2 protein chains.
Amino acid sequence: MKPEGSNSAGEFQPASTSEEYYTGQFEGPEKLLELWFSPSANSVRKQFGPASPDSSLSSSPNGSSLDERQVCYSPNGTSVIDLEREFNDTYPRYGLRTVSRKVWEDMLELVHCQVLNLIKNEQVDSYLLSESSMFVYPHKLILKTCGTTTLLAAVPRIIEIAASLGLEKVWRVFYSRKSFMFPDLQKAPHRNWPDEVAFLDGWFKNGAAYTVGKTNGDHWFLYLTPPQENCLKIEGEIEEESHQHVVDDDDEAEDVTVEILMTELCPKAMEKFYHHPEEDQPDAGPGGKDVERITGLGSIYDNCLTDSFLFTPCGFSLNGLIESNYYTIHVTPEQSCSYASFETNVSLSKGSDLTESLALSKLIKQVTDVFQPGKFTITVFNSQTETHFENIQRHHPESVHTSSHVYTPYHHDRRGNQSRPRSKVEHELESSQPKSVTIHDVKGYRKTDRILYEFDGYNLNFAHFVKRN
Amino acid sequence: MKPEGSNSAGEFQPASTSEEYYTGQFEGPEKLLELWFSPSANSVRKQFGPASPDSSLSSSPNGSSLDERQVCYSPNGTSVIDLEREFNDTYPRYGLRTVSRKVWEDMLELVHCQVLNLIKNEQVDSYLLSESSMFVYPHKLILKTCGTTTLLAAVPRIIEIAASLGLEKVWRVFYSRKSFMFPDLQKAPHRNWPDEVAFLDGWFKNGAAYTVGKTNGDHWFLYLTPPQENCLKIEGEIEEESHQHVVDDDDEAEDVTVEILMTELCPKAMEKFYHHPEEDQPDAGPGGKDVERITGLGSIYDNCLTDSFLFTPCGFSLNGLIESNYYTIHVTPEQSCSYASFETNVSLSKGSDLTESLALSKLIKQVTDVFQPGKFTITVFNSQTETHFENIQRHHPESVHTSSHVYTPYHHDRRGNQSRPRSKVEHELESSQPKSVTIHDVKGYRKTDRILYEFDGYNLNFAHFVKRN
């Protein structure tokens, strides 16, 4: 995606990035922040919603009665009617989804990017930005910005906005990015990874920073906090070791994030991501629809609401919503700095008979076929919902013997509860790899890295591929 | 281990590190280099040995006939008798094991450390150094040095020595170290990780560098090359992508390296690693034997030849040989910079009925009980000798169906041979985790990181533990 230029309707042309200053060095690789203020949308609804939550969740924008609409509760005192007028919809809005577009736009000024368009459904608001995307859930905000944007500069303001709604604690933080192509063009605190980590460590407790992949090749940076009652650093407070926070069963939803980050894209394939006015092609939103159709990128998922943008002279962005999930694509097609990213939190097994690993293979093929990258990186972040022990029990019950008791350590489950001692075999299996998606080989590519991280509540699978000669 | 001071016999007191200059900041964490000039000792024997190798391998130092001793072949023209005189033994010596102690001592001057003692057996020479250890096999050299030694400065000389023997190619390189406690005290090229990587990249092709673990906490650096016909960089040569080199079955031996790197050691437990002349305790070698006995560190393995050293005023080093394997321990007991390392290439399952994972747990307990560290890191490097597919086939043959053929990619085995297409299920299993040791929980400690890397021919398991309050 490339911000310079204006579309034919003249809606967008930020002066600071207009074409005359363009150096041919656009930083496609995005900074990606997830700020979670609560473990789930449901927990925010419970905190701020009415006594009978189920009716509110089932309220439909089409044909909802006034009573149903009244459950659209806003903790900062905005009335239901105001929210309806503000968003021109009747979706039930809690937590961060009660924040007006204007407030987010002001916050995004700190990042140096603008809102191009907003789409939404019952569960999530999707903002297409001049530099990438933002998704707003009741309990979390996902902000992804490319170029020389200063994403982290907005962290204090986002925390302030959430606190004003009553979301005064931060449950988890994830910040990640690929290694920059042009690090010298970045602005503070994004000039280097240690600076970014120092910034985040200034705000959050028990944060862990990682360099994933080859430090002398393509790599990916990750900062995350373990789930905590509140991971915000409070001045003067002594930092304690983190304890896995105990949450209600129904507050926990499975969470997955898949990213496919591609470079050295095929120049021929990139022609589709240039605006062609000579062929009477529209740009902006209508041009985006055009690109969605000719590339197939708009139909990766069924029953999906998409919002896309074709930039002038080139570049493409897409946000898609599928119920409570999103996918987002950003393309910088210029050969000197070609880059495309695909990201989604749609469950891999959703609407598919394939295993998660094979569904991932299919998705990778669908996406890489469009861009034909010289190199790409896959990251799969998934919450652990099944231990290897449970998996073995389910698939190979005969292999779990409980007769031999050699090592019988106490077992702590995900929610911190101690249970009966386990047998040697159980213990061995229990401590083995938790649920993990396998990143298979990709035809025509050589897998040069495969790394698995086990975090509190999450697994991260990382793989890097290079096109075979 | 601490180099300053002299033992009672006055054998060792390097002027540059004598006690008067000691700052209380000794860098215990070692630099560790493995340079492999051939895939196995056997391949070196085949290259340089006599026509009938078996008799040579079975030649015994005790009671070997002159004929048997004559198979002790040295490619650089040193006669059998010279080698016998040089090493005062009749072990069959090939490749690097024909290099005299004097040549290694001169090489070690570049590193700024000295040889304290040499022990050996039929398969390996073990040098105890003023700063850690060196192990010499026919086909590889393992050099581990602590403090402000300049290990990498010796790389060109080691390559030169090997080439003079006819070992002109480098098969693999591993270089690793824990993050330094006092990085500012290090000398070039060890001032920082990027400098070390740049140095290694100057010598070797297709090297991959990793930062393993938290970049804002305890971490570990690793550089390694994939196995290559020759990973030495030749000037003017265009760097190609590496191809897994095909080697004979019997040239491949399973390889494992386990490291336990401990900090914040228990001060009370550290008293055993101080020299106590007031109790008429000897230091140097006899003092080392004393420490071996009172700590149990000399009897971790059965049938083991050990060589140890108690430094004055404190510090301890130990090398142990068990057939073709070694273990080595180095202790810096001072509270201001306490550190202890344990390293071995003894197979985890050797002489044990336990699984490798449980044997690892037992080993970790044995070692950490001696030092009672506040924090420690485990790294387990093991060559892949069994795919998950083979494992599943062996343990759960009923689960491997070959009837469904959805994805049938060609399968390349470890030696680069293409075999028949695999079924969907086979493919899925085949691509899953290869043989991997599980690092279990450790009582009294919190596991804060668990990372698995899959490299060409090797798995690396990394875990970090912090003592519970």
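In chain B, the side chains of B:K289 and B:E292 come together in a salt bridge, with N and O 3.2 Å apart. The model is a predicted one. Both residues sit in helix α9 (residues 284-295) of chain B, three residues apart, so about one helical turn separates them.

In chain A, A:K214 pairs with A:D449, and the closest N and O atoms are 2.9 Å apart. Here the partners come from separate elements: A:K214 belongs to the loop between β7 (208-213) and β8 (219-224) of chain A, and A:D449 to strand β17 (residues 445-455) of chain A, so the bridge ties together parts that lie 235 residues apart in sequence. Neither end is left out in the open, as A:K214 and A:D449 are both buried.

Chain B has a salt bridge of this sort too, between B:K140 and B:D255, at 3.8 Å from N to O. B:K140 is in strand β5 (residues 140-145) of chain B, while B:D255 is in the loop between β8 (219-224) and β9 (256-263) of chain B, so this pair links parts 115 residues apart in sequence. Once again, B:K140 and B:D255 are buried. Back in chain A, salt bridges also join up into a network, made of A:D89, A:R93, A:R97, A:K120 and A:D125.

Moving on to the strands, β6 (residues 172-178) of chain B is mostly covered, with seven of its seven residues buried. In a regular strand, side chains alternate between the two faces of the sheet. In β6(B), B:R172, B:F174, B:S176 and B:K178 point one way, B:V173, B:Y175 and B:R177 point the other way, and all of them are buried.

Two pairings of this strand stand out for a closer look. Strand β1 (residues 31-36) of chain B runs antiparallel to β6(B) and is joined to it by six bridges; within this pairing, B:K31 has B:R177 as its bridge partner in β6(B). β6(B) also pairs with β8(B), again in the antiparallel sense, this time over five bridges. There, B:Y175 stands opposite B:Y223 of β8(B).

In chain A, the peptide bond from A:A188 to A:P189 is cis, with omega near 0°, and A:P189 is found in the loop between β6 (172-178) and α7 (193-203) of chain A. Chain B has a cis peptide bond between B:A188 and B:P189, where omega is about 0°. B:P189 is placed in the loop between β6 and α7 (193-203) of chain B.

Positive phi values turn up at a couple of glutamates. A:E323 has a phi of about 50° although it is not a glycine; this residue lies in the loop between β11 (316-322) and β12 (325-332) of chain A. With a relative accessibility of 52%, A:E323 counts as exposed, the cut-off being over 50%. B:E264 likewise has a positive phi of about 50° without being a glycine, and sits in the loop between β9 and α8 (267-270) of chain B. At 47% relative accessible area, B:E264 is classed as partly exposed.

Note on methods. Residues numbered from 1 in each chain as written. Chains lettered and ligands numbered in written order. Predicted model: local features only at pLDDT ≥ 70, side-chain atom pairs only at ≥ 80, totals over all residues. Heavy atoms only, no water. Salt bridge = Lys/Arg side-chain N within 4 Å of Asp/Glu carboxyl O. Helix = DSSP H or I, 4+ residues; strand = E, 2+ residues; numbered from the N terminus. Buried < 20%, exposed > 50% of the residue type's maximum accessible area, 1.4 Å probe, protein only. Pairing = 2+ DSSP bridges.
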